[in-house]
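Subject: Structure handover and findings

Dear colleague,

I am passing the structure on to you below, together with an account of what was found in it. Please read the notes alongside the coordinates.

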Amino acid sequence: MTEDEWDSAKRKFPYGSTVDGTVNQVAPFGIFISVENLQLTEAFADVAGMHHGGADGSTVLWPEVGDAVTGVVVEHTERNHQLKLHLR
């Protein structure tokens, strides 16, 4: 991805914007998400940015590969041109 393409992605998805995507990969530390209408970058949601459930709110609810997800942009990670999300 060129810097111009990354700058365009950041303008399209500023902090606080809502992003729809599909889970590509699940890792122990978070999930990687392909973003709709954005071919050249992906998004990442770490454990802190995931839904929590259970009686005491301590259970992390992990989506599976292929699941549709919606999140809010909380960071633009410059080193790897990635959107960081907190899932809704």
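Phe 32 has a relative accessibility of 15% and therefore counts as buried, where buried means under 20% relative accessible area, exposed means over 50%, and partly exposed covers what lies in between, with a 1.4 Å probe and protein chains only. Before going further, please note that this is a predicted model, in which local features need pLDDT of at least 70 and side-chain atom pairs count only at pLDDT 80 or more, whereas totals for chains, interfaces and linings use all residues. Residues are numbered from 1 along each chain as its sequence is written, and side-chain values use heavy atoms, with hydrogens and water left out.

Aromatic pairs

A search of the whole structure gives 3 aromatic pairs, a pair being rings of Phe, Tyr or Trp (its six-membered ring) with centres within 6.5 Å, called stacked if the planes are under 30 degrees apart, edge-to-face if over 60, and tilted otherwise. In one of them, the ring centres of Phe 29 and Phe 44 are 5.8 Å apart and the planes stand at 40°, so this pair is tilted. It connects distant parts of the chain, since Phe 29 belongs to the loop between β1 (18–27) and β2 (30–35) while Phe 44 belongs to strand β3 (residues 42–46), 15 residues apart; helices (H or I, at least four residues) and strands (E, at least two) are DSSP runs numbered from the N terminus. Phe 29 is partly exposed, at a relative accessible area of 48%, whereas Phe 44 is buried, at 12%. Phe 44 also forms a tilted pair with Phe 32, at 5.0 Å centre to centre and 50° between the planes, and this pair links strand β2 with strand β3 across 12 residues. Phe 29, Phe 32 and Phe 44 form one aromatic cluster.

Nonpolar core

Which residues touch the most other members of the largest nonpolar core? They are Ile 33, Leu 83 and Leu 85, in a core of 15 residues, where a nonpolar core is a set of buried Ala, Val, Leu, Ile, Met, Phe, Trp, Tyr and Cys residues joined through side-chain atoms within 4.5 Å. At least two residues of this core come from each of α1 (3–12), β1, β2, β3, β6 and β7 (82–87). Leaving out residues up to four places away in sequence, Ile 33 is in contact (heavy atoms within 4.5 Å) with residues including Val 23, Ala 45, Val 69, Leu 85 and Leu 87.

Salt bridges

The structure holds 2 salt bridges, each defined as a side-chain nitrogen of Lys or Arg within 4 Å of a carboxyl oxygen of Asp or Glu. Asp 7 and Lys 10 form a salt bridge at 3.5 Å, N to O, and, being 3 residues apart in helix α1, they are separated by about one helical turn. Asp 7 counts as partly exposed at 30% relative accessibility, while Lys 10 counts as buried at 19%. Lys 10 forms a salt bridge with Glu 78 too, the closest N and O atoms being 2.9 Å apart; this pair links helix α1 with the loop between β6 and β7, 68 residues apart. Through shared partners, salt bridges join Asp 7, Lys 10 and Glu 78 into one network.

With best regards
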